[in-house]
Structures are given as structure tokens and as C-alpha cells.
Amino acid sequence: MAASGPRSCSLSGLLPAQTSLEYALLDAVTQEEKDSLVYQYLQKVDGWEQDLSVPEFPEGLEWLNTEESISVYKDLCGKVVVLDFFTYCCINCIHLLPDLHALEHSYSDKDGLLIVGVHSAKFPNEKVLDNVKSAILRYNITHPVVNDADASLWQELEVSCWPTLIILGPRGNMLFSLIGEGHREKLFLYTSIALKYYKDRGQIRDNKIGIKLYKDSLPSSPLLFPGKVTVDQVSNRLVIADTGHHRILVVWRNGQIQYSIGGPNPGRKDGMFSESTFNSPQGVAIMDNIIYVADTENHLIRKIDLEAEMVSTVAGIGIQGTDKEGGAKGEEQPISSPWDVVFGRSGSEVQRDDILWIAMAGTHQIWAFLLDCGRLPKKNELKKGTCLRFAGSGNEENRNNSYPHKAGFAQPSGLSLASEDPWSCLFVADSESSTVRTVSLKDGAVKHLVGGERDPMNLFAFGDVDGVGINAKLQHPLGVTWDKKRNLLYVADSYNHKIKVVDPKTKNCTTLAGTGDASNVIGSNFTNSTFNEPGGLCIGENGQLLYVADTNNHQIKVMDLETKTVSVLPVLRSESAMVDGPFLAEKQKTLPRLPKSAPGIRLSPVAASPGQTLQFKLRLDLPSGTKLTEGAPSCWFLSAEGNEWLLQGQIPSGEIESISSQPTISLQIPGDCLSLEAVLSISVFLYYCSADSSACMMKGILFRQPLQITDTQQDSIPPVELQCIF
């Protein structure tokens, strides 16, 4: 029996014995042989004259997911403990979390096992407790986490790599260490045999640790850690990766949800919208009513067909891949943590978007998925559906090279395309090197644009400095978007909580919006508005608006590039939205509601036949001396309670941008009517203020239009006027 008592030691003390064990395990054939070798190893380590004891957690550290701080030598006595040294930006640390979740599912604190996350930050932004809180919510971490902001335990134990696992015995004695990701089998083997060994000796206690999950104290919100956003340039709809809710939203410009696909829980299922699931999706790209999704934690590329209302898998096998070459058919090709996607064109004669570029964060590369037969630079003709590496060696580096396969990326997380000359490149937000890079669409050459430094192995060259090229400094940027109208690149400088703008011609990088504070201030202009780890952004409305996924604020912010103002997109569920399947009654309770004071006007019944189109003209008058509030979502939307079939295929909502030019609402009676009578409801929200903007109001009105469906062909029906004076 080893002598007890805390004596601090470094991990190097375990190295000789554990190395011998791991060599022996390579020769073991059966599970019984492996179990026996680990048991014998524990007998040896447990018999040392003195324990290799882990230091006590320093006093004053901030704890999450616990009722109070935890002591190694009080609370954890009698437990086998897994210490997870991690930093929340690290893709390798993210890859390890499913292994830890599975281990927690197999063994509880009552069984004698506890996992403790020791957050040891790489970036300054990651030392802030609120940001660590957001990360444990985003990644659904439910075990205790200590914020060791100064990495004191890391330094005492001489930890050198994220992630590192240290397995402790019931006296705080170090038993094993596992460095990096990909050790699931050893993790389960070592912990299960350690539990058995110490149970055999009566040293395991079944006392419970006081767990108090941080997520249980938070209110619900329409969005949860939205990671990316993109615009359908044809319909001006937005597609939002509502990452924390594990779903994809398609919303109209006024924020009304048209489709909600997946969620609220993670999963991996194809099929109809009502049954499909995702797991922490990130990048989204839309074209011709087809959305491609980087389903990050499922290690898949998914396809959403909005017309067929179906979800399918086009690339990946659902488990993390290690292949760094690719070349197989998409659904047979393992991939690793895709983080963003964007459409592009191959070298084929027909000029169309036939490539889906993929930021493959897990293998530190840029990949391509062929949407049609085509050709990549320096490649032969490739078949439709092929998925393969385009640029990046797979080594985590900040290495630029004219040969794309010799270049190195470090967790690329954002992509944008500038297909036109003279640019003809992909822009890449390379998060762990804190750089923005370019990949030539002509020859694949990888070049530096801004951030980082010249040493390709230095991934710590971060900061918050406006400047030119390498003199500019970023901190873990996650998103980029190209402004074709102005020839400018916008960057989500995530850990600096800023939006920056880069002129690729001069390589000049400057702050466009944000103060650097992680907060949620909607200021009167760009410079005094704030963000909190923005993760994605896109250009819309012909270059006028910049939409920002303000991830830790759980919002989509709208930046008007002409007026220099910032607003928040209100994400609202309309009654006609397809939310997790068609017209679920329980979802209707959360729809936006008119004020109790809103008048209701019942209109005269209208007779119409299938296929006929009705038109409703808004005729609304505001009080004298008032005007519509700029930037506020004055809008209308349709509903038909009990007769939702009436709205299928209709435009369910729209904006009211001007009182002088109010919209006309159209409704075509479906060819297949399920009822001969129905009531169409038209709800109107108006936001208006006094001329001097000293007071603002919101008013609503509900128009009810009874419909009588008849097979008799009706004459042309004159427009119905919806009149109201407020």
C-alpha cells in the first residue's frame, strides 16, 4: 500500500510505468488479457512507496455545475476521478467530449466515478468566467468544471497539450494520463479496471457530489448559440444554424420562421422535417431551395430539400473520421467536424455552382464535395458525389504554400467565396492561427491575408490590433463574408467580440463594429455597439445589410452598412411556420400574440373556388404627427386555425416598410380543399413613433375573413380593403 498524503508531482513520474503498460497492451489479444495487464499495473502503482499525488485545487477558483467548490482530498476521496484539462476553443477538446459523455453514462458518482473539467485557457478571452459558462452550455457539459484561469494546476503538473486526461485513484493518486484525442478504448479500459481494483479493496465510496447545472438557471430563448447565418439571395430569406437548439431555421426578413428543422435535442436522423435531427450544426449554404448543412458534431454534410421537405446525408458516415485524403463517394467518406460550407464552381465548361467547399476543422483542411461532375485545380475529372481534400496537409499549422497539399491550417472555421477576378479565391477564417488566409481557385495556392505571424508553428500570435497584413492581429476568428459590391471582406473576430473589415488589395484590416467588450449593447452606431463571440456573418439586400450570428448573445444582429446602425432580428414563430413537422398544435402556443387592446374586424364573407386568387389591400392610417419606426419589424402574417391546409404553399408573412406604399396580400385557394368553409386571419403589427421619436408605440389589429369554398367558378373577385385608423 502506498503511503498517503498529498505530494505534488508532474506527469513525467507516470511515464516509465505507463509506457511499459501500453507496449504490453499492444501484444494483448483478448479483453481478459488487457484487463489483467491493467489490473497488474495498478497493483504496481498502488504499491509505490509514495503516491504521485495531484495538487489540491487552488483556493478561490470559480466553479461551475456544482453547489460549491470541490476539494480533491475531501470531496473526491473515495472516487476514481478523470481530470479533463481543456480549453473550449480547441477542436480536439471538443472531439473528446462524446467519450466523456459516454463514460458518464456508463458510471456515475454513485458507482465511484467523477469527471472534473479543468479549464486552462489558451486565449485571454477564454479566461473570462462568463465565456466558460457559455461554452459548457454550448457543449452540454454536465460535470463539474473549474476555471483555472491562470493554469496553475496545468503548470504544477507540467501538462503540455490540450486535451490531457489524468485519471486519479481514491486518494488523489495519479494513475494514468492520456494526451490528445482518440483514446476512447483506453479511457474506458483504465477507468473500469481502476473502479474494480479499488472496489475490491473497499476504497470506493458511493457518496454523491452536489451537482447544480448552470443551464438549469437560464431562461429559454428563441435562439441558442447560433453559429452561422446565410442569405437566400433569390427570396431574401435567412437560414440560421440555431446550433444550441440543434436545428436549422429558415426565416423571412422580418424574423418570422418559415421552417424549423430538427431540435430541440441532438440526434442523427434523415427523413421528413418532422423526424429529422442534427447535432450542433454550424455552416449553412442555400441555393434553389436546397440547403447544405455542416452537421458538425455528427461529422456529416446534410442536405435539406425545402420543396420535398426532406433531409438526407450526402457526406460522412456519422462518426469522426481520420482520413486526410478522401476521394470516396460522399456517403462512404468519413469526415471530421465540418464547420462551414459555401458554394463554388469547378473548372467545367458549364458555369454553375457545382462544388460545395467545406471548412474541415477536425482535420485542419479545406475539402470539396462535388455536386456534379467537375474538375478541381490540378485534378482530373471527378464524379458527382465525390468528397475529397483540396488544401491542407492535415498538420495543425499556419503554413502558406503554393502547393495546396503542403499548406497547413489550424481549425479552419469560416469560408467565403470571391469567384470574380482578380480575386478568384476562397477566404478562410483560420481560427486557431488567428489568421485570415486565401486559397486560389485557379491553382490552390494558399496565401496569408491578415493576422498571425511568419513562423508557421506559432499558433499563439493573436491580439486585437488594426493594421496591415501580418501587423494586424485577430483572436480566434470564426467567420468571413465577401462584399462583392465594395470589394471588402468582413471578419467575425470572435474572441475580440468585434466585426472587422479587410481590404484584400491593401491587406488593411480595421475594426468596423464592437468595442472589444463581451456584452450586448445596441448602440446608436457601429462603434458603440457590442457583441459576444460572433461566429458567423453574411451579406444581404444587395450589399446593404450585414447579418451577424452573435453567438453568445443568442441573437442575429443586423448591421446596416449604409446608415451605420445596428438592430436585432426578432425571431418569431408564425402560425403557418413548419415547425418540427406540419402544424403541431402544441407549438402554436408560442406564436407572437396581438395586444389585448388590438381591435378585431370581421369582414363580409367571400365566395371563392379552388385555384382562385384573393387579394387583400392594406389601408392603414397612423395618427397625425407619427411615422413608422425605422428598423422595427412592422409586418403582417396569415393564420387559419383549424384549416391550416389553406396556407400550404402561400407566402405567410411580409414586411410593412412604408405607410404611403402598403403591400397587397395574395392568397390562392388550394386545388384540394379539405373544408367548404374556413376563416382566414390576417394579423398586422405596426411599430410607430412621434415625428421627433420621443415616444414609440406598437399597435395591432386582426382582420377575420370568412371564406365559402364552392365548385362553381366565380367571377373575378375585387380586392378586399383592410382599413383601420389608429
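**View 1. Helices H1 and H6 are roughly perpendicular to each other, an angle of 65 to 115 degrees being counted as such, under 35 as roughly parallel, over 145 as roughly antiparallel and the rest as oblique.** In this predicted model, local features need pLDDT of at least 70 and side-chain atom pairs count only at pLDDT 80 or more, while totals for chains, interfaces and linings use all residues. Residues are numbered from 1 along each chain as its sequence is written, and side-chain values use heavy atoms, with hydrogens and water left out. The axes of helix H1 (residues 15-27) and helix H6 (residues 184-200) come within 14 Å and cross at roughly 110 degrees; axes are lines fitted to C-alpha atoms, for helices over the stretch in contact, and angles run from 0 to 180 degrees between N-to-C directions. Helices (H or I, at least four residues) and strands (E, at least two) are DSSP runs, numbered from the N terminus. The crossing of H1 and H6 is right-handed, a term used if the near helix is turned clockwise from the far one by less than a right angle, and left-handed if anticlockwise. Gln 18, Leu 21, Glu 22 and Leu 25 of H1 meet Lys 186, Leu 189 and Tyr 190 of H6, where contact means heavy atoms within 4.5 Å. The residues of this contact divide into four nonpolar, one polar and two charged; Ala, Val, Leu, Ile, Met, Phe, Trp, Tyr, Cys and Pro count as nonpolar, Asp, Glu, Lys and Arg as charged, and the others, Gly among them, as polar.

**View 2. Six strands form an open sheet with mixed pairing, in the order E1-E4-E3-E2-E5-E6.** Its edge strands are E1 (62-64) and E6 (174-179), each of which pairs on one side only, and two strands are said to pair if DSSP finds at least two bridges between them. From one strand to the next, the twist averages 20 degrees. Strands E1 and E4 (residues 145-147) run antiparallel and are joined by three bridges, and the bridge partner of Trp 63 in E4 is Val 146.

**View 3. Helix H4 (residues 129-138) lies across E1, strand E3 (113-119) and E4, running at about 20 degrees to E1.** Nine of the 10 residues of H4 are buried, so this helix is largely enclosed by the rest of the structure; buried means under 20% relative accessible area, exposed over 50%, and partly exposed in between (1.4 Å probe, protein chains only). Among the buried residues are Leu 129, Asn 131, Lys 133 and Arg 138, and what covers the buried residues of H4 includes E1, E3 and E4. Just after H4, Asn 140 takes a positive phi of about 55 degrees.

**View 4. Strands E13 and E14 form a hairpin with four residues between them, and His 299 in the turn has a positive phi of about 55 degrees.** Six bridges join E13 (residues 290-295) to E14 (residues 300-305), the two strands running antiparallel, with Asp 295 opposite Leu 300. E14 also forms a hairpin with E15, again with four residues between the strands, and Glu 309 in that turn has a positive phi of about 55 degrees. Five bridges join E14 to E15, and Arg 302 stands opposite Thr 313.

**View 5. Ala 315, in strand E15 (residues 310-315), is buried, with a relative accessible area of 0%.** Leaving aside neighbours within four places in sequence, Ala 315 is in contact with residues including His 299, Leu 300, Gly 330, Phe 369 and Cys 387. The C-alpha atoms of Ala 315 and Thr 386, which are 71 residues apart along the chain, are separated by 8.8 Å.
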